[in-house]
Amino acid sequence: MSKLWSKMALRADPYIPGEQIDGKGIIKLNTNENPYPPSPHVAEAITQELDRKLNLYPSPTADSLRETIAVHHQLRPENVFIGNGSDEVLAFAFMAFFDPGKAIRFPAITYSFYPVYARLFDIPYETVPLARDFSITTCSFFQSDGGVIFPNPNAPTGIYLELEHIADIAKNNAGTVVIIDEAYIDFAGESAVSLINTYDNLLIVQTMSKSRSLAGLRIGYALGNAKLIEALTRIKNSFNSYTLDRLAIVGAEAAIRDQQYFAQQVERIVQTREWVTKRLKQNGFTVLPSQANFIFANHYKLSAKLLYEKLKRNGVLVRYFDKPEIDNYLRITIGTDTAMTVFFEKLGAVIAELVKDGVHARV
Ligand SMILES: *Cc1c(COP(=O)(O)O)cnc(C)c1O
């Protein structure tokens with residue numbers, strides 16, 4: 001803190017991302033990255049671009065990528081806004097659609113970046129409790145004062161909300177914007193993109209960080225009515241004309257074009273998720289029905305915090321949230337089959353050790 005800071009810098013309460021440890025032999029299951037590399041066409045496209053125009057600015061609206069994304073979703077380029085990771089797109093969306101003095105709503109258990117943006121931009125918010133089974137209660141999002149935002153599937157629960165409910169929420173918030181953060185949608189059911197032509201207040205945000213293995217390239221995008229996209233572009237152009245660099249633009253295009261590779265990797269992760277779920281249950285865990293590339297699970301007897309710490313000491317990194325209602329859950333990213341096999345070996349050893357020491361109590 002310093003007297004030289006602006007009010008904005010003073011009130012900021014920054015998001016804390018999962019640890020990025022790069023050690024050898026560490027099984028990293030804590031930030032929902034894709035364990036598989038991106039399509040080989042991504043590196044080819046980036047290499048070609050490197051030989052060309054890095055002296056020139058990129059397209060400020062990443063037009064070639066915009067066209068590719070529009071075609072992929074059967075939309076028009078004016079329905080697409082692209083940003084430097086979906087976190088940036090979300091930040092712009094908070095500025096473009098939410099106002100100080102009007103409370104927005106998001107679930108009490110959800111992506112912890114939303115309260116961070118709200119605080120930074122001085123937007124009041126109400127957190128809506130989830131049902132006992134951690135599902136979203138649709139009607140508690142109706143008639144919000146300032147707008148609505150939540151991920152589908154939700155994070156960190158992994159629970160997917162059917163499209164008819166998304167439509168209901170959009171319908172019952174006619175005067176405000178409803179943002180659906182579809183970071184994990186490719187591992188789940190149908191996207192709400194098909195609803196944007198019906199609901200002009202519905203904005204869908206997707207990322208290439210999870211299902212397309214491009215967390216390191218930083219590409220996210222929003223899909224919606226052309227008027228919503230125009231507002232996002234106005235905000236972006238008031239900050240930085242070139243949020244996406246040339247390498248990211250061509251790499252992302254190559255990834256979207258390689259539909260076959262994409263479908264294969266997603267299918268592999270979904271299959272791993274299914275066997276990992278079964279095995280966790282056999283190991284004494286309750287597992288929420290995940291439609292994402294991670295699993296949210298709690299052990300019937302052992303404290304999640306203790307499991308998290310012991311796993312970490314054994315070279316396995318998972319995510320633990322020290323927050324009410326979820327402080328006995330672990331969020332485990334789905335890795336490769338090999339990584340998950342090692343995970344279960346280490347988990348088995350940790351559980352055996354804790355049970356032998358007579359450590360049962362949850363905190
Ligand atoms: C990972 C994630 C994001 C951010 O993705 P980036 O595109 O890498 O910035 C946004 N929302 C949710 C819910 C996420 O889990």
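Biologist: What separation, taken over C-alpha atoms, lies between the centres of domain 1 and domain 2?

Modeller: The centres of domain 1 and domain 2, taken over C-alpha atoms, are separated by 25 Å. Domain bounds come from an automatic or database domain assignment; here domain 1 covers 7-36 + 260-356 and domain 2 covers 40-258. This is a predicted model, in which local features need pLDDT of at least 70, side-chain atom pairs count only at pLDDT 80 or more, and totals for chains, interfaces and linings use all residues. Residues are numbered from 1 along each chain as its sequence is written, and side-chain values use heavy atoms, with hydrogens and water left out.

Biologist: How is the area buried between domain 1 and domain 2 to be read?

Modeller: Buried area is the accessible area (1.4 Å probe) that two parts lose on being put together, summed over both. For domain 1 and domain 2 the value is about 2,700 Å², with 64% given by carbon and sulfur atoms. On the domain 1 side, Tyr 15, Phe 262 and Gln 291 lose the most area to domain 2, together 26% of what that side buries.

Biologist: How many salt bridges are counted between domain 1 and domain 2?

Modeller: A salt bridge is a side-chain nitrogen of Lys or Arg within 4 Å of a carboxyl oxygen of Asp or Glu. Between domain 1 and domain 2 the count is zero.

Biologist: Which residues of α4 and α7 meet?

Modeller: Contact means heavy atoms within 4.5 Å. Among the residues that meet are Phe 92 and Phe 97 in α4, and Leu 228 and Ile 235 in α7.

How values were computed: Helix = DSSP H or I, 4+ residues; strand = E, 2+ residues; numbered from the N terminus.
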